[in-house]
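Here is a short report on one protein model. Look at the sequence and the structure first, then read on.

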Amino acid sequence: MGKRTEFLYLNEEEMIKAGVLDAAHCIDVEVELFGLLSSGDYRMGGDKANSHGIMVSFPKESPFPNMPLDGPDRRFMAMPAYVGGRFNVCGEKWYGSNIINPSRGLPRSILMVMLNDPDTCEPIALMAGNLVSSVRTGCVPGVGTRYLARKDAEVCVCIGAGPVSKSCFEAIALEAKNLKEVVIYDLFKEKAEAFAQSVTEKHGLKAWAADSLEEAVRLGDIISVAASSVKPVNMKNEWLKKGSTIIFTGRCNIDEEYFSSAKIYWDNPRMHEVYYEEHLALPEDKRFINGIGVQVYRMMYEGKMAPLSEAVGLGDVVVGAKEGRVNDDERICFITSGMPVWDVGWAYEVYQNAVKMGLGTKLLLWDSPYLN
Ligand SMILES: NC(=O)c1ccc[n+]([C@@H]2O[C@H](COP(=O)([O-])OP(=O)(O)OC[C@H]3O[C@@H](n4cnc5c(N)ncnc54)[C@H](O)[C@@H]3O)[C@@H](O)[C@H]2O)c1
């Protein structure tokens, strides 16, 4: 007789009851996870154990009638990780993204998270992942704000008015204690206006929708970029204020002059080294086109900046091994592409709460494995 295996299924409502939306707690969990990134007590996929994940992409044209075709933000992605420390768990975020989904009443991306015992490999939980992912993504700028932004930052600018941008703002608002004003820019002004209205209602802050990217960016002490790649977000060095902190959660281009003069921090330089190598393996005309830090990679490739081996990760700042902001004048850029370490870490925290609260449905994998 083999071993019975059950795991917990948690739907989105149960995830909410278990605290997935608790951004303040998620920021603290991420601070711990940044510590693990700094010490190296984690593994991700690939031969360097630092791969963001593996993507299924689609061709521009296909002879097969059912095969999906390429488009902006069109992909499936598998993102596995082991998270050490007190977490000691393996897991994976798996999602698909299709930009036309909102017109079908669905989010652009639909995500699930699986957790596994790192020793027996049995599943522990299968969970609705959209809120795990959006909250963990948003909370990274919260950690960035805590360690890198000016303490007296008053104006937060949000570029993009989608769910990720909203999550980023919620976490920034928790950490930027002197925030007075929120300026939002989206290609669709009505989306920015609706976001602004919800900010005013929820936080009692002055919030409004800007007419142009420039108008918004020029005002920002903290600038959070989380727009999809429908149209590139192109900024100019001269728009960014002294002392500003810009957080790239989505792709953003700025004149090279900016990157040469600003201080740059990365969510995980080791992961970006893998991304960089992946770009080098592409044909010349396809390199450094897609991805969140690609403009900086290109500058490194052209010898205009120090390589990623010398780049500073926020984890090293969190544990006190490297300096964060040292004065109120320096301009800082924090580049975060996201990684499954955060999905798995935050999902495990929420799972543990769910178990304590008796939430979820136990599903049977087998009473005894057929093949043993
Ligand atoms: N770094 C990470 O960890 C991480 C994790 C998840 C998602 N993301 C990225 O965050 C981005 C936003 O995700 P989402 O789910 O909110 O997407 P979404 O498509 O639901 O919303 C994005 C919003 O950005 C706006 N937009 C697009 N181009 C713009 C531009 N040039 N200027 C201003 N606004 C623009 C769109 O109109 C839309 O309202 C995506 O690119 C996604 O890849 C990053």
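## Around the ligand

Of the 29 residues around the ligand, those that come nearest are Gly-160, Gly-162, Val-164, Ala-227 and Gly-338. A residue counts as near a molecule if its C-beta atom, placed from the backbone, lies within 6 Å of it. This is a predicted model: local features need pLDDT of at least 70, side-chain atom pairs count only at pLDDT 80 or more, and totals for chains, interfaces and linings use all residues. Residues are numbered from 1 along each chain as its sequence is written.

Helix α4 (residues 163-175) gives the most to this shell, with three residues. Helices (H or I, at least four residues) are DSSP runs, numbered from the N terminus. The shell divides into 12 nonpolar, 12 polar and five charged residues. Here Ala, Val, Leu, Ile, Met, Phe, Trp, Tyr, Cys and Pro count as nonpolar, Asp, Glu, Lys and Arg as charged, and the others, Gly among them, as polar.

## Two domains

The chain is divided into domain 1 (5-133 + 341-366) and domain 2 (143-339). These bounds come from an automatic or database domain assignment. The C-alpha centres of domain 1 and domain 2 lie 23 Å apart. In all, 21 residues of domain 1 are in contact with 24 residues of domain 2; contact means C-beta atoms, placed from the backbone, within 7 Å. On the domain 1 side, α2 (23-39) and α11 are the elements that give two or more residues. Helix α2 gives the most to that side, with nine residues.

Where does the ligand lie relative to the domains? Both domain 1 and domain 2 give residues to the shell around the ligand, so it lies between them.

## The nonpolar core

The largest nonpolar core has 109 residues. Such a core is a set of buried Ala, Val, Leu, Ile, Met, Phe, Trp, Tyr and Cys residues joined through C-beta atoms within 7 Å. Buried means that 20 or more other C-beta atoms, placed from the backbone, lie within 10 Å of a residue's own. Among the residues with the most contacts inside the core are Cys-156, Ile-184 and Val-225. Helix α11 (residues 340-357) gives the most to this core, with nine residues.

## Helix α11

Is α11 mostly covered or exposed? Helix α11 is mostly covered, with 13 of its 18 residues buried. Just after α11, Gly-358 takes a positive phi of about 70 degrees.

Definitions and conventions. A residue is buried if 20 or more other C-beta atoms lie within 10 Å of its own, exposed if 12 or fewer, and partly exposed in between; C-beta atoms are placed from the backbone. Two residues are in contact if their C-beta atoms, placed from the backbone, lie within 7 Å.
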